[in-house]
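Here is a short briefing to read alongside the sequence and the 3D view. Have a look at the backbone first, then at the ligand site.

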Amino acid sequence: MNLIYQEGKDFAKSYIEPYTELTDKESRFPEESFKELGEKGFLKLLIPEEYGGLGKGIEEHAQACLAFAETCATTALCYMMHNVAVMCLVAHGSDELKKRIFTDIIDNGTFMALAYSEFGTGTHFYITEMTAEVNGDRTTFNGKKSMVTSASYASYYLVLAPSAEEGKIDNWVFPLESKGLSFELAEWNGLGMRGNSSSPVRIDHVTLDSSHRIGAPGSGSEQVFTVVAPFFITGLGAIYSGIALHMFAIAADHAANRRYPDGSTLSHIETIQIHIGEIYKQASAAKALTMEAARAGASGEADALAKILSARIFASEAAIECGRLAMRVGGGKAYNKALPLERLLRDAYAGQIMAPSADVLSVWLGKALTGQMIP
Ligand SMILES: Cc1cc2nc3c(=O)[nH]c(=O)nc-3n(C[C@H](O)[C@H](O)[C@H](O)COP(=O)(O)OP(=O)(O)OC[C@H]3O[C@@H](n4cnc5c(N)ncnc54)[C@H](O)[C@@H]3O)c2cc1C
């Protein structure tokens, strides 16, 4: 595995692990880890070198997300969203917008988030019921986004809204301090990913000039399907692979160290060995498929989309299955939370429902493989 993965693992040991338990227990955004993510250069991973970043791509994105998720899924998920938003700007933003935001990220450790999903359209986040009223160079927005990870902590939010171009959508950057933007933080009470702050965002007469729009009017959908989707879906594949690998590490360690009065350990029991083998197999396959998908994406191979979709579906389901088996290996100690497996299982459950959900992606995969239009 390459450098970014190893650097991510080292970073996680020093700057994520100390906060992981509190992040879950207190439903607390991992602010300390994010401060360090800025200082150690991870927030600029995808920013092009000419803007002062590291100029990396989808493979390094996947490696960093994987490495962080092997320690803390919440931190990895918030980080992943930032990378996706950055990448969208890299691919479609104006030079002025890139300079403004990338300089802030690099100099001040600020980060980005995705405010896409709405209460009405749910998992079909590229369909928006917001309103956008154009008045010369200024557009006034009204509406509400339902679950915005890093809400109130991120400094910039990508928002999809109807375009002046009939039937199309635009992708905008809303700065945190925009007048009319407010956060319903008390609404986040996730089963897992508890430090995410994935709260509703209210957009009440927010007015922005056109410099905040990413790309040409009406190009939002193209941005979603050519940049946001591959980076987001691959990133999710990496995160759920990381959770599955973390489950393997905990279950294997527990099996080796849980001793019975006769001196034998759980590892001596054949059924446990089979469970450990199954967890390893699923977690390794999820990781291998995700890294292969990222590689295919980076090289622009013809079946990259099918691989990316497969990796994300497989990893989400593998994480839940690994969690089910790991809880069995962990027994009463896992159930009574002496091991962090129940947290990982709760985190894993987000995988199947995050948009586009595993079910929706299964439909897309079939379409991709049979040459049909997506979505
Ligand atoms: C931890 C977490 C973090 C999140 N962070 C963000 C974020 O940062 N930004 C953001 O914009 N959103 C975010 N979301 C929201 C998420 O991406 C989804 O949009 C949201 O979970 C959809 O919820 P819903 O109940 O409205 O889904 P619904 O649309 O009501 O779907 C309910 C179920 O029906 C299934 N379903 C619906 N339509 C179809 C179909 N056509 N075919 C097959 N199955 C279908 C779905 O798979 C799902 O399981 C986050 C969600 C979670 C859990």
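Met 193 is found in the loop between strand E6 (181-183) and strand E7 (199-209); helices (H or I, at least four residues) and strands (E, at least two) are DSSP runs, numbered from the N terminus. Met 193 has a positive phi of about 50 degrees, although this residue is not a glycine. Please keep in mind that this is a predicted model, where local features need pLDDT of at least 70, side-chain atom pairs count only at pLDDT 80 or more, and totals for chains, interfaces and linings use all residues. Residues are numbered from 1 along each chain as its sequence is written, and side-chain values use heavy atoms, with hydrogens and water left out.

**Cis peptide bonds**
- Ala 355 and Pro 356 are joined by a cis peptide bond with omega at about -15 degrees.
- Pro 356 belongs to the loop between helix H10 (350-353) and H11.
- Another cis bond runs from Ile 374 to Pro 375, with omega near -5 degrees, and Pro 375 is in the segment after H11.

**Ligand shell**
- The ligand is surrounded by 18 residues (a residue counts as near if one of its heavy atoms lies within 4 Å).
- The closest are Leu 114, Ser 117, Met 147, Thr 149 and Ser 357.
- Strand E3 (138-148) and helix H11 (358-369) each give the shell at least two residues.
- Domain 2 (115-216) and domain 3 (221-369) each contribute at least three, with bounds from an automatic or database domain assignment.
- By type, the shell has ten nonpolar residues, seven polar and one charged.

**Polar contacts and burial**
- Ala 355 places a backbone N or O atom 2.9 Å from a ligand oxygen.
- For Gly 122, a polar backbone atom is 3.3 Å from an oxygen atom of the ligand.
- Taken alone, the ligand exposes 980 Å², and the protein buries 69% of that (Shrake-Rupley method, 1.4 Å probe).

Terms used
Polar contact = N/O pair within 3.5 Å; in protein donor to acceptor, adjacent residues only side chain to side chain. Nonpolar A, V, L, I, M, F, W, Y, C, P; charged D, E, K, R; others polar.
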